[in-house]
Amino acid sequence: KDRPHPVIDPVRPMIDAWLEEDRKVHRKQRHTATRIWNRLREEYGFGGGVRAVRKYVASRKAGKAEVYMPLVFGPGEEAQVDWGEGTVIDGSGARTVQLFCMRVCHSRAPFVRAYETAEKECFLDGHVRAFEYFGGVPHRIAYDNLKCAVVLVGKGQDRTLTQRFLELKSHYLFETRFCNRAKGNEKGQVENLVKEAQREYLTPIPRVRDLAELNGKLEADCAASLSKPVRRYGELKRERLEAERAAMLPLPATRFEAC
């Protein structure tokens, strides 16, 4: 796992975006580390030294940081998605349910919903309901290379996506960030949410009539968690979620048909 780099971490997304854009232009018109440093100072008020920028750019070009792992997120900038499993007890006894988990990263606000399976229609429905719950759409969402979203994994961020996932992206207009293979720590916030859902929301094992009752409980648990502070900043998740909502993409006029 990358160590924190407090000087570079806030500007990693900008550096990575410029380096990604450079892949599409003539080699002689690509950014040098010094040019990146100057742009950061001029456009973002960056106060760090050129040496730190050179070191990070060199690590990127050497392939040591194919996917950045942001530690600081602006409001509405990113959400992270993953699946987990949980056990519940209903009329038929103990059984396993699939948990769709999304966390918006600035506020750490969670969304968890249970499904019978982790198939494509449930994956799509989870997004639709999460966006409606949060009241907007994050600008970017991070994923593992889930079969519901990815047909083929290429180099870097190159992915061939499933048709329905492309349609979901086009409907809500969010961007994507995919983790390297076997690098779930590159979306650590939602990894922690999966554990939180299992250890807190589903412990002790809930006794419910059906999935509707379970999902009512999970939504109440997620709402209750908004009263907790975000440790690093001393603000409540609820307060930071308001800033997220103001910065998110608006919900479209029509609901995506998750089928």
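Analyst: Helix H4 passes helix H5 in a right-handed crossing (right-handed if the near helix is turned clockwise from the far one by less than a right angle, left-handed if anticlockwise). Helices (H or I, at least four residues) and strands (E, at least two) are DSSP runs, numbered from the N terminus. This is a predicted model, in which local features need pLDDT of at least 70, side-chain atom pairs count only at pLDDT 80 or more, and totals for chains, interfaces and linings use all residues. Residues are numbered from 1 along each chain as its sequence is written, and side-chain values use heavy atoms, with hydrogens and water left out.

User: At what angle do the axes of H4 and H5 cross, and within what distance do they come?

Analyst: Two packed helices are described by the angle between their axes and the distance between the axes. Here the axes of H4 (residues 120-134) and H5 (residues 163-172) cross at roughly 10° and come within 11 Å. That makes the two helices roughly parallel (angles under 35 degrees). Axes are lines fitted to C-alpha atoms, for helices over the stretch in contact, and angles run from 0 to 180 degrees between N-to-C directions.

User: Which residues of H4 and H5 meet?

Analyst: Contact means heavy atoms within 4.5 Å. From H4, Lys 120, Phe 123, Leu 124, His 127, Val 128 and Phe 131 meet Arg 164, Phe 165, Leu 168 and Tyr 172 of H5. By class, the contact has seven nonpolar residues, one polar and two charged (nonpolar: Ala, Val, Leu, Ile, Met, Phe, Trp, Tyr, Cys and Pro; charged: Asp, Glu, Lys and Arg; polar: the others, Gly among them).

User: How many bridges join strand S2 to S3, and in what direction do the strands run?

Analyst: Two strands pair if DSSP finds at least two bridges between them. S2 (residues 93-104) and S3 run antiparallel and are joined by seven bridges; Leu 99, for instance, has Ala 114 in S3 as its bridge partner. The two strands form a hairpin with four residues between them. In that turn, Arg 108 has a positive phi of about 65°.

User: Is S3 (residues 109-115) enclosed or open, and why?

Analyst: Seven of the seven residues of S3 are buried, so the strand is largely enclosed by the rest of the structure (buried means under 20% relative accessible area, exposed over 50%, partly exposed in between, with a 1.4 Å probe and protein chains only). Ala 109, Phe 111, Arg 113 and Tyr 115 point one way, while Pro 110, Val 112 and Ala 114 point the other way.

User: Where is Leu 173 found?

Analyst: Leu 173 is in the loop between H5 and strand S7 (175-178), and is exposed, with a relative accessible area of 60%.

Conventions
Angles under 35 degrees count as roughly parallel, over 145 as roughly antiparallel, 65 to 115 as roughly perpendicular and the rest as oblique.
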